[in-house]
Amino acid sequence: MFNLKDKKILVMGASGYIGKQIAITLSKMGAKLVLSGKNEEALNEILLGLEGTGHFIAPFNVEDIDKTANFIKSIVSLDKNKLFGLVYCTGIFPIRPLKNTKTDFLNNVMLINFYSFIEIVRCFSDKRICKENASIVSLSSIAATNGDKGQLSYSASKAAMDSSIIVMAKELSQKNIKINSIKLAALLPDEINFDILPLAIQESINQMKTGPITNKSVSNHVAYLLSDYSGNVTGNCFNVQGYLK
Amino acid sequence: MDLQRKIELLEELLEIDEFTSDTLLDDLEEWDSLAAISYVVMMDEEFNVVANPNDIKNFKTIQDILDSMK
């Protein structure tokens with residue numbers, strides 16, 4: 001298994017379904033985690049379920065984008081240790097047709113899914129904040145290239161994220177920082193009955209010849225991209241969809 | 001703008017705080033082509049000045065950059 005022993009890693013969106021599992025998986029690999037998200041109570045609950053010691057929570061609402069620099073600085077000044085990794089799981093997935101996709105709505109989706117991602121990477125990649133050989137992983141979606149009806153804002157925000165990855169990888173390689181995204185297809189949550197999922201998602205999952213995508217498998221992909229095992233891998237947006245099309 | 005604020009802007013630009021006015025830019029790996037672009041942006045935002053590429057090429061020390069920040 002990948003060794004992330006004592007690597008200080010910031011998980012944004014740690015209280016979400018995937019973010020929570022990523023935190024648990026990374027803690028089992030020895031990482032020292034900083035859990036962030038909006039809901040302090042939920043973060044504290046997840047903190048209790050982590051393995052090892054030295055983890056802490058840092059509640060933050062990414063919509064307060066102007067406060068990002070101070071937020072990131074505070075994470076380093078808290079224990080005087082620079083960050084090794086950043087996992088960006090923050091995101092919203094609204095379904096809204098073109099007819100109702102007005103500027104305010106689109107701005108809000110872009111703010112949470114894309115603008116704040118860029119701002120956090122910008123602040124994280126400062127040499128006074130992150131270590132040499134740092135690694136950044138963001139969660140994207142196959143909707144970035146093949147969105148469905150109603151996914152206009154979500155697809156656009158993920159496409160923006162993915163197209164930014166290659167540019168940032170080129171700039172950040174000068175600092176030995178790698179950055180990649182994982183483009184997920186539909187996830188099969190543990191506690192949700194398959195039959196009640198929307199038909200389009202059922203069809204997508206049925207096509208997955210390698211088995212359904214779970215939050216645990218996604219967590220292992222994230223761990224690989226954070227670890228030394230992915231040493232020369234940067235600027236990639238990995239399709240994880242379980243079938244070829 | 002006072003000297004302290006100019007130094008803070010340079011620290012932000014170069015992401016380091018260990019330099020003096022005599023530090024040679026050739027000795028700073030942080031002073032690269034991207035940093036030069038960031039300098040142009042900083043001059044525009046903070047001083048409302050369009051930086052001259054020839055001036056940037058002629059910068060030898062930190063002091064040269066500080067002198068241009070007006």
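This is a predicted model: local features need pLDDT of at least 70, side-chain atom pairs count only at pLDDT 80 or more; totals for chains, interfaces and linings use all residues.
1. Start with chain A. Seven strands form an open sheet there, and the pairing is parallel. The order is S3-S2-S1-S4-S5-S6-S7. S3 and S7 (237-240) of chain A stand at the edges. Each has a single partner strand, so one side of each is left without a neighbour in the sheet. As background, strands of a sheet pair through backbone hydrogen bonds, either parallel or antiparallel.

2. **Strand S1 of chain A.** This strand covers residues 8-12. Is it enclosed or open, judging by its residues? Five of the five residues of S1(A) are buried, so the strand is largely enclosed by the rest of the structure. Look at where the residues point. A:Lys8, A:Leu10 and A:Met12 go one way, A:Ile9 and A:Val11 go the other way, and all are buried. Note that a lysine, A:Lys8, is among these buried residues.

3. **Neighbours of S1(A).** S1(A) pairs with S2(A) through five bridges, and the two run parallel. A:Lys8 has A:Lys32 as its bridge partner in S2(A). A:Ile9 stands opposite A:Leu33 of S2(A). S1(A) is also joined to strand S4 (residues 83-88) of chain A, by four bridges and again in parallel. Here A:Val11 stands opposite A:Val87 of S4(A).

4. **Strand S2 of chain A.** S2(A) spans residues 32-36 and is mostly covered, with five of its five residues buried. Both of its faces are covered. One side carries A:Lys32, A:Val34 and A:Ser36, and the other carries A:Leu33 and A:Leu35. Two bridges link S2(A) to strand S3 (residues 56-57) of chain A, and these strands run parallel. In that pairing, A:Val34 has A:Phe56 as its bridge partner. A:Leu35 stands opposite A:Ile57 of S3(A).

5. **Crossovers.** Which helix goes with S1(A) and S2(A) in a β-α-β unit? It is H1 (residues 17-28) of chain A, and the unit is right-handed. Another right-handed β-α-β unit is made by S2(A), helix H2 (residues 40-48) of chain A and S3(A). Trace each one from strand to helix to strand on the model.

6. **Helices on the sheet.** Helix H4 (residues 103-124) of chain A lies across S1, S4 and strand S5 (130-141) of chain A. Its direction is at about 175 degrees to that of S4(A). Helix H6 (residues 152-172) of chain A packs on the sheet too. H6 touches S5, strand S6 (178-184) and S7 of chain A. Its direction makes about 160 degrees with that of S6(A).

7. **A buried serine.** A:Ser157 sits in helix H6 of chain A. Why is A:Ser157 called buried? A residue counts as buried when 20 or more other C-beta atoms lie within 10 Å of its own, and A:Ser157 has 27. Leaving out residues up to four places away in sequence, A:Ser157 touches A:Val109, A:Met110, A:Asn113 and A:Phe114. A:Ile112 is 45 residues away along the chain, yet its C-alpha atom and that of A:Ser157 are separated by 8.9 Å.

8. **Two backbone angles to check.** Most residues other than glycine have a negative phi. A:Asp6 is not a glycine, but its phi is positive, about 60 degrees. A:Asp6 is found in the segment before S1 of chain A. With 12 C-beta neighbours inside 10 Å, A:Asp6 counts as exposed. A:Lys80 is not a glycine either, and its phi is positive at about 65 degrees. A:Lys80 lies in the loop between helix H3 (68-79) and S4 of chain A. A:Lys80 is exposed, with 6 other C-beta atoms within 10 Å.

9. **Chain B.** Here the axes of helix H1 (residues 3-14) and helix H2 (residues 33-47) come within 10 Å and cross at roughly 145 degrees. The crossing is right-handed. H1(B) brings B:Leu9, B:Leu13 and B:Leu14. H2(B) meets them with B:Ala35, B:Ser38, B:Tyr39, B:Met42 and B:Glu46. By class, this contact has six nonpolar, one polar and one charged residues.

10. **Between the chains.** The contact takes four residues from chain B and five residues from chain A. On the chain B side, two are nonpolar, none are polar and two are charged.

Methods:
Residues are numbered from 1 along each chain as its sequence is written. Chains are lettered from A and ligands numbered from 1 in the order in which they are written. Two strands pair if DSSP finds at least two bridges between them. A crossover is right-handed if, with the strands pointing away from the viewer, the path from the first strand over the helix to the second runs clockwise. Two residues are in contact if their C-beta atoms, placed from the backbone, lie within 7 Å. Axes are lines fitted to C-alpha atoms, for helices over the stretch in contact, and angles run from 0 to 180 degrees between N-to-C directions. A crossing is left-handed if the near helix is turned anticlockwise from the far one by less than a right angle, and right-handed if clockwise. Ala, Val, Leu, Ile, Met, Phe, Trp, Tyr, Cys and Pro count as nonpolar, Asp, Glu, Lys and Arg as charged, and the others, Gly among them, as polar.
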